[in-house]
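Q: Hi! Could you walk me through this model, starting with the terms you'll be using?

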Amino acid sequence: MPIFSPSVDVTQWPSFSISHWQKLTGVNSFILAGVTANHECIPSFLSRPDRVAHGPRTYYTDEAIQSRVQIGISFGATDAHIRDLSACNDSPASLAASYASVLDAFNSTHIDVLFASRLSVNASSVAMRAEALALLQTGFEVRRSTNLTVTLSFESASVTDGLDPDAIAVVQAVHDAGVLVHSVNVALKEPPLLRMGLAVPSNEPTSSVRDRDIKKRGFKSHRVHKGINTVNGQLLHASNQDPTASSAGMKIASAVKKQMNTFSNVRGVMLVPVLASKGLQFTTADAVDLMTWAETQPWLSFGLSSANADAEGVSGTRKSPVAAISQMSSLIRIQTVSILLILVALFVPVWWSTTQVHRAVLPTDQIRALAAAEAKNVFHTRVAVRFVSGKGQPKAVAESLQTHLNNLFGGASFHFAVRADTSTEETQSTSGLYQLRIDCGVKNIQGEGSVKLFEDRVVSLQTPAECADTESIVAQAVAVVGGLFLDERADFARISGSSSHNNDDIRKVKFAPEYQLIFNLMNADPVNLLVSWDIQAAIKDYFQNFVDAVEKLYDFKIKSQTKYFTSLPIDPEVINAGEDGEMAYCLRPHHLPHFINSAEWSFGGSVVSTAPPLNFVVYVPPHAQSPLYIMGHDQGFLKTNSFLIPQWGGISIVNPPKMAPAAVIHENGTTQAIRTVPPKWTLSSSDLSDPMHIFIYQMREILGVKTVGLGSTEQLLPGFQFNYESSSVGITKWELDRLARLTTIQNIRNAVNTLNSLITLIESMEDMVVQDHIREKVMVSLNAISTANAILSENAQETQSPAVNSSHDIALAASRAAIVAAERAFFDPTMVSLLYFPNEHKFAVYMPLFLPVGVPLVGTLVQEIKKRLQKRREGKTKTE
Amino acid sequence: MRRLVAIIIAAWVSISASAAQSTQHETLHLHQRPSGRVTAHFAFAQSVAQSQAHALDDIARGFGIDEMALSFTQGTRCDSIATKVGCRPPGVVLWAWMRNNHSLSSVDTRWSALTNALAGTFCASLNFITPENSAEPQSSFTHSSVNSSLSSLRYASLPREITCTENLTPWSKLLPCSTKVNHLAHIKDRKMKPYCILGSKAGIASLFNAYAIYDADYHSMSVEVSRKCTSDTECTTEIRQDLVVALDPVRKGYQRNMDWSLQFLFGKEVAGSCPLNEIETNILVTLPKAEGFEFEGKVKPVYNDEKNAWVYSLELAKQFSMGVKYSDSKPDLSEKSKSTELIQIHRHLTGYGRERGGIKIRISNRDTKPRTVTLLEVLPWFIKLYMHTLQRTTYHITSQEVLSLSGEVVNQTLKYQPAIPRIRPSVIELTATLPGESITVFTFQFDRAFIKYTEHPPDANRGFDTGAAILTVHPASRTEKEYRLFSDVLLIALPTPDFSMPYNVITMSCTIVALYFGTVFNLIVKKLEGLDDSQLKKKWWMFWVKERSVLGKK
């Protein structure tokens, strides 16, 4: 049974670990090489005084005992400079004692004696060693009651024909001394120490490498250690070998065996291939061939062993070398792969967690579904029918009116619940609850009826029809009530339909829950006239009621300011106007877009609040430009002398009274002051009446208030008189309700669109951080949208009780909450922040990694493809 | 100056009592020193009533501010006698008293909102004021009008902030009389519209010329806002704006003499008084000499003993110009170094290298009386102070003898807030009594911290500016008022890393990983097989290889 048993160069640096190699290769016996005499004649490894080979604690003893391996000791020098132990001992007995002391220190039962060819082997020293071996072997059995395995190692420069005569002489001497030799080890190439498993790829004998040299040549020595790694690999993967090596090895082995046949006490031969030196070297196939062959030869071992039963006991090996080598390489592979896997398992989570971007999960599907779905919002509207005269059949009229109205609208936008109101008390008017007063059998002068739209959600119908004539009353009532709401249905269809813009909508400012209302008095020429105004009173008198009326839609913060030296950036035209041929200045429509000099006039929008500002300007032109008028397209002055800037505000020009200038410019260019203090002109509340009413009108336009009329009814009921009650506050309840409904629908739509844009944005930017509070806002908005949609769904139950908050108001509040939350989420400052490293940066940083890693990968891939192609080609040729 | 302020305040009070309208007042004081340097101090005061819209009033109301002062300064050659509002340190200094209970949010939240709002209003990088460089001084900015139990004080400075036209423009727009007109539109037909020539702007603000102001040796513009409420609803906001410019006609002119005129200094003339002023607009001129000069211009000034200045009154809609011509116009340049300030503060760095450092603050008191002062030092967290090294030494001002201080004279209290890295600065507030005619030196040592790679500014090796120390001089008697002095700004160099290092490390480690990868990959994947000599053929590209070595020895 051939075994694999490496011989260890003890002096190599970094030092060799027996236990490691035992674990790695499964080899159970090692030979510690090179015990020679140091300068004090003490046995030590390669004569090094620090590596004493005997004594209580010698080098490697602990490790050898701990790892429970068999230790063999190789004696003998490889170099002439190093003294063999025989040179220090004058008798075979003392030499045997020296040998024994080392063997005992390692509890070893295997002695190897090296006869290097380069060592001048003189006959007396050989004889001495032979006798010492004989003494040792016999004494050993007595002393340790076990057999001592003796092997002789030779290295020869030319062993192709067997051992050289010197070696034969040595074997002869040992044989003569009566030593039982378990095997003769033949190093197939020198140096002898470099045996299988421990080959040092150098011609230089390791023994000559002195301590300082090792240190000096640290790198090389290190490579030696690595060499151990690769020698085994080399056996498998060695390239560039002599293909005849295996047969040469067999030849040598056979030749040596033949030579040994003359020696009766030599049991076997062992081949020790020396690798990586020039000449005889082995390929995988060769080595395996040789080992396989060695296994069939009972006298031959491979590596270091004996074929006989004794040697087996000495080495105690369990594995065949082929198995050991192949197992070892697969072990390395498994180790490497598992280390890689561990690294990946460790670092991928770390990398993942450190580069991860926090992205709160948003209800994307829900939003997408809302955006895709066609909005079908229905306002549940109640109509109370009351007969003023008390005659008539309110119930029948109500039932019939409800059916007709709902048929007219077909379930879109409005759903009517009509009931008869027989109570005499006035019901409190809320949005979504309207009263139809019918006065039947009343004719006007023309003999027809009349319709009057009251400000407070009441429409009255005076009809010439008899009170009993329910049918015609209902027909007229449908025309009246339907006419009030039909325009609105068209508005809703436009909003939820597509983005076709109406010209009216251009003026309308974007919805916000709060606006800053800033009233500006622009005094262009304070030198000549100091204008002040009683704006607080004016707002109280004219504006406050309007603001209060639209309170449920918007909050307003009202401020005022006076600005001076606000001259126009445009030159008004000079024209002669008036009876006495006075000069007047006029602005044409094409001037007006340039009227506002916003770079120079600070309009006082707050830096604290984010509410959008609406500006209303009372412009007092300078003395030199007054009176200033606006000329319309029809070449006439506008009576209002004011204009509206869409989505921004309104401007009203108030011309100052005529006054003499404060300074006169003489013809020589000098100025002469006439006054030291400018005259003052205060605009009282009544002076401001006109501008304020204009501002209310402009405000209506900007907020998108639409008039509620009976335009379509007028055509349906010819001859009827139509009257409208005007509002004292600037907006009727009908208009307010219409504005609220429109705002509700628009807000829901805009909130859905904003949320949709938000998720589109988030999805398109993967490095964008999405914080949890964004998600909260989105959820608030979504909840509000669904609340509003639930109220405005077709199936919603309308409570009949005239609640304080009607469903219209609740829907408005919900829609307002929805748009506010959606906008807050969209315009949140944290939504701007991106990850510090975008993908482009990452690639730039990782390029030094990707490129060198990629090259071997791509190379292997190419090779693999080539191999495949070649195989396929070969397969084809074979089949052919 | 204090008297002047008192007059202005008195004027405010009288006006605001009569009507709830906004009022305003402005004064220009030109002060020339023997060296020829002219310090122009433009003072504007406004009072904004409750219903009026004003950007600063809006800020004060919105953030619950009782009192606030903001200054933008550049240059150090400030003449402390001529400026009167005091010499301010370079950069931005902001402090505000804010109401503790406010509907909006906490004081700290409002403080950061305030800095952002001011940053927007003045186009300055005030948003760099963070809790990291904001302090809460205890005894440095005390003010009688603010109840310190109801309000909290925040103070911060940005010594590196550079002020320029972009700050001046919004600043001047806060003045009621300075809305500019488009000149170009009116110049072509000058005769048609006389008013345009008259008042492109009115008032002393019409002298503002960015070229002249930013060519000055020192300029400082400031805003002081204080809010006074008579009742819960009736509040007025008083806004004081000051612009101090130190101009040097000696440097500016070719003649190297002291003569100057408004046209020469500012390149402009005053376009009449602002019509909104309730009281007369005055231009005060203080000259270094009592005689030997004459005033140019049509209007001649009147000497006012009380104000120690020549006084001009501006008229409505009347161009105003003036100048001074000396009979002996040679400047007394030796005067420049002299300073007559009673209390002075100087600060400089000690230590060496980029690790250990120290600060030495030298306060001299020329007054014969002992004075109590409070020193406020706000240092960024990366200056790691060692408070045990704080030492005080007091010398006599002329004999340089070390004075031994008895307990009553010392009267020293120390408030110290240690820094928390990246959260708050270290704040030292030291109240001490300076003996008469003495020099007191405070020293302490610090370590310079290693700060993170990303915390360095783009120009890292320039160093970090630290704001000026503030010396509050407490009044010695009832008639006096508390005032503040600012020390020099320090430039502290911190240890700077090699900024390319992270990238080197990344590329290096990537390369190493890649090399290992290649080895391991080859070991796993590649199977080495021997080639027969017969397989070894010299390829066409192996031109440098000898035929023999490829095919082996035969």
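A: Happy to. Two strands pair if DSSP finds at least two bridges between them. Helices (H or I, at least four residues) and strands (E, at least two) are DSSP runs, numbered from the N terminus.

Q: Great, and how should I read the numbering and the model itself?

A: Residues are numbered from 1 along each chain as its sequence is written, while chains are lettered from A and ligands numbered from 1 in the order in which they are written. This is a predicted model, where local features need pLDDT of at least 70, side-chain atom pairs count only at pLDDT 80 or more, and totals for chains, interfaces and linings use all residues.

Q: What are the ipTM and pTM of the model?

A: The ipTM is 0.78 and the pTM is 0.69.

Q: And where is confidence lowest and highest in chain B?

A: Going by pLDDT (the predictor's confidence in each residue, from 0 to 100), the lowest mean in chain B is 33, in helix 7 (residues 194-198), and the highest is 94, in strand 5 (residues 134-135). Residues 1-20 of chain B have a pLDDT below 50, and that stretch has 18 contacts in the model beyond near neighbours in sequence. Residues 181-200 of chain B are also below 50, with 35 such contacts. A contact here has the C-beta atoms of two residues, placed from the backbone, within 7 Å. Where pLDDT is low, the predicted coordinates should not be read in detail.

Q: What does chain B average overall?

A: Its mean pLDDT is 82, and 84% of the residues score at least 70.

Q: OK, helix 2 of chain B. Why is it called largely enclosed?

A: Helix 2 (residues 55-62) of chain B has 6 of its 8 residues buried, so it is largely enclosed by the rest of the structure. The buried ones are Ala55(B), Leu56(B), Asp57(B), Asp58(B), Ile59(B) and Ala60(B).

Q: What covers them?

A: The cover includes strand 2 (38-48), strand 3 (65-74), helix 4 (107-122), strand 7 (218-229) and strand 8 (235-247) of chain B. After helix 2 of chain B comes Gly64(B), with a positive phi near 65°.

Q: Switching to chain A: what is Ser606(A) in contact with?

A: Leaving aside neighbours within four places in sequence, Ser606(A) is in contact with Gln516(A), Asp58(B) and Gly62(B). Asp58(B) is one of the buried residues in helix 2 of chain B. Ser606(A) itself sits in the loop between strand 19 (582-587) and strand 20 (613-620) of chain A.

Q: Why is Ser606(A) classed as partly exposed?

A: Because 19 other C-beta atoms lie within 10 Å of Ser606(A), it counts as partly exposed.

Q: Which residues of helix 6 of chain A are buried?

A: They are Ala167(A), Val170(A), Val171(A), Ala173(A), Val174(A) and Ala177(A). Seen down the axis, the buried residues of helix 6 of chain A fall within an arc of 155°, so they line one face of the helix. That arc is of the directions from the helix axis to the C-beta atoms. Gly178(A) follows helix 6 of chain A and has a positive phi, near 85°.

Q: Back to strands. How does strand 12 of chain B pair with strand 16?

A: Strand 12 and strand 16 (residues 323-326) of chain B are antiparallel over 4 bridges, and Glu294(B) stands opposite Lys325(B). They belong to an open sheet of 3 strands in chain B, with the order 9-16-12 and antiparallel pairing. Strand 9 (260-261) and strand 12 (293-296) of chain B are at the edges, each with a single partner strand, so one side of each has no neighbour in the sheet.

Q: And what do strands 13 and 14 of chain B form?

A: A hairpin with 4 residues between them, where Asn308(B) in the turn has a positive phi of about 55°. Strand 13 (residues 302-304) and strand 14 of chain B pair in the antiparallel sense over 3 bridges, with Ala309(B) as the bridge partner of Asn304(B).

Note on methods:
Buried ≥ 20, exposed ≤ 12 C-beta atoms within 10 Å, placed from the backbone.
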